[in-house]
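Here are a few short notes to read beside the model. Keep the structure open and find each residue as you go.

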Amino acid sequence: MAVETCEYELVPYRGFTLIKGIHDPDDVDQIQDLEIRDSDVFVVTYPKSGTIWMQQILLLLEAKGDLAAISRLNTLSSSFNADLIPWIELNGSRQAFITAPSPRTRVTHLQHQFMPSALSQKKGKVIYVARNPKDILVSYFYFHKLAKMLETPKDFDDFFEKFMRGDVFGCSWFEHVKTWYSHKDDMNMLFITYEEMIQDLHSAVQRIAVFLEKELNPEQLANVVKHSTFNNMNKIPNANYQHVPEYMFSHHEGTFMRKGKSLYGGRCR
Ligand code: A3P
């Protein structure tokens, strides 16, 4: 039966906030014990840092730039890229991860302390995408208007205060980036910024491909870049969340992919 209401609640949990009904604290607690295969990949982001962008790039790298192959996968088993590269912290996702065939690629907003401890023994790979917090703040503000599971902000000033305190879904941006960055050398991690991707997507995709040991010829690589630009992704419903049901997103408030710009650059001024 289709769910038609959206009454989620933020639940503070071990320095993070989970969303009741979407995350189960007991399940999230057990993520750290997961056995990790060398081929596993985790994309880690603070919200609004380009998660769906990285999902699109990784799917395209796997498909050697063949967009139609991803569309076929979407038709066969799901309707969104996010179902092909799911969130590890969602209800039921941990169990599915255990039995999934390799390669297993997952995304997460979780803080470092929740993640599989095997990652710190250099098993698997982690791609951390960081974005300038000023751009995140604006993107997150509009996302709160769109997403029905999050409280609609009173106004921008109020949201700014909450963001600075880390009183939003997830945790403080500052803590998230600092903690993950401080563990960068413990794991096989590619630390990349949204701004680097904006500035030179081709080089960024090349770095990601090398990190993931994916061998693509120049034409295939060019296709990955082509199908992951903002304008092209914005035309692909599987990639841009335009078909998320109305009970989850107030589509009249705007779109998930808003501007896709880096207004404040790669350095925090
Ligand atoms: P804006 O709201 O600034 O437009 P996440 O997936 O982590 O929630 O991040 C969403 C942000 O990434 C949105 O930022 C979205 O537009 C941006 N984004 C997604 N795909 C992009 C692309 N191909 N190029 C640039 N930005 C992209």
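**Notes on a predicted model**

1. Start at a loop. Gly65 sits in the loop that joins helix 2 and helix 3 (67-77). This is a predicted model, so treat each point as a computed result.

2. Is Gly65 buried or exposed? Gly65 is buried, because 22 other C-beta atoms lie within 10 Å, and the cut-off for buried is 20 or more.

3. Which residues does Gly65 touch, leaving out those up to four places away in sequence? They are Leu60, Leu216, Gln220, Leu221, Asn223 and Val224. Take Leu216. In sequence, Gly65 and Leu216 are 151 residues apart. In space, their C-alpha atoms are 8.4 Å apart.

4. Now look at helix 8 (residues 173-182). Its buried residues are Trp173, His176 and Trp180. They lie on the same side of helix 8 because they cover an arc of only 65° around the axis. Phe174, Lys178 and Ser182 are exposed on the other side of helix 8.

5. What do the buried residues of helix 8 pack against? Their partners are strand 3 (41-45), strand 5 (125-130) and helix 6.

6. Turn to the ligand. There are 18 residues around it, and Thr51, Ser139, Phe230, Arg258 and Gly260 come nearest. Helix 2 (51-62), helix 6 (133-146) and helix 12 (230-233) each give two or more residues to the shell around the ligand. Helix 2 gives the largest share, three residues.

7. The shell around the ligand has eight polar, six nonpolar and four charged residues.

Terms used
Residues numbered from 1 in each chain as written. Predicted model: local features only at pLDDT ≥ 70, side-chain atom pairs only at ≥ 80, totals over all residues. Near = placed C-beta within 6 Å. Helix = DSSP H or I, 4+ residues; strand = E, 2+ residues; numbered from the N terminus. Nonpolar A, V, L, I, M, F, W, Y, C, P; charged D, E, K, R; others polar. Buried ≥ 20, exposed ≤ 12 C-beta atoms within 10 Å, placed from the backbone. Arc of directions from axis to C-beta. Contact = placed C-beta atoms within 7 Å.
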